[in-house]
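Here are my notes on the fold, in numbered points. Please keep the model open while you read.

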Amino acid sequence: MNQLPFEKVTIVMGSQSDWPTMEMATKPLADLGVPFATAVVSAHRTPQRMTEFATTAHERGTQVIIAGAGGSAHLPGMIAAMTPLPVIGVPVASKFMTGMDSLLSIVQMPKGVAVATQAVGASGAFNAGLMAAQMLSLSDPELQKRLIAWRENQSAGVPFEVE
């Protein structure tokens, strides 16, 4: 088996076709200088890879997992069931129900298996990256300073004028 990547934030997705959405999670992480890794880890097509990833991520330096999936969207919940780490779920829009099926599959977790579910699509992926950085900033004062500056820049970039 190829070596799975592990970083402070590890972004996994069910298939390569999820990458255009999940790539958005890398934007705030890169802006804030948070190390991340990415991999395809399918709950259905690569269950051994998923199990290896989920059960060892906390031992290999990962602190937050972002998991994106479309359709039946079992990946975030399956990973959350096997790791002590926080899992942020991103529903990827699918051709069926425009991603509502993905959203409901991720957000309706049973009591005792938590997944912090974001919005469907690119906005949800971006916010997952931002949420991961916010989680890490609780124990990293330098990251917290960068996050505060990032938010100030975001606010400063909003014009008062309509046109």
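1. From the N terminus on, the protein chain runs β-α-α-β-α-β-α-β-α-β-α-α. That comes to 7 helices and 5 strands. Helices (H or I, at least four residues) and strands (E, at least two) are DSSP runs, numbered from the N terminus.

2. This is a predicted model: local features need pLDDT of at least 70, side-chain atom pairs count only at pLDDT 80 or more, and totals for chains, interfaces and linings use all residues. Residues are numbered from 1 along each chain as its sequence is written, and side-chain values use heavy atoms, without hydrogens and water.

3. The C-alpha trace spans about 50 × 35 × 30 Å along its principal axes.

4. Of the 163 residues in the protein chain, 44% are buried. Buried means under 20% relative accessible area (1.4 Å probe, protein chains only).

5. Take contacts (heavy atoms within 4.5 Å) between residues at least 6 apart in sequence. In the protein chain, 68% of these join residues at least 24 apart.

6. Which residues of helix α4 (residues 75–82) are buried? They are Leu75, Pro76, Gly77, Ile79 and Ala80.

Methods
Buried means under 20% relative accessible area, exposed over 50%, partly exposed in between (1.4 Å probe, protein chains only).
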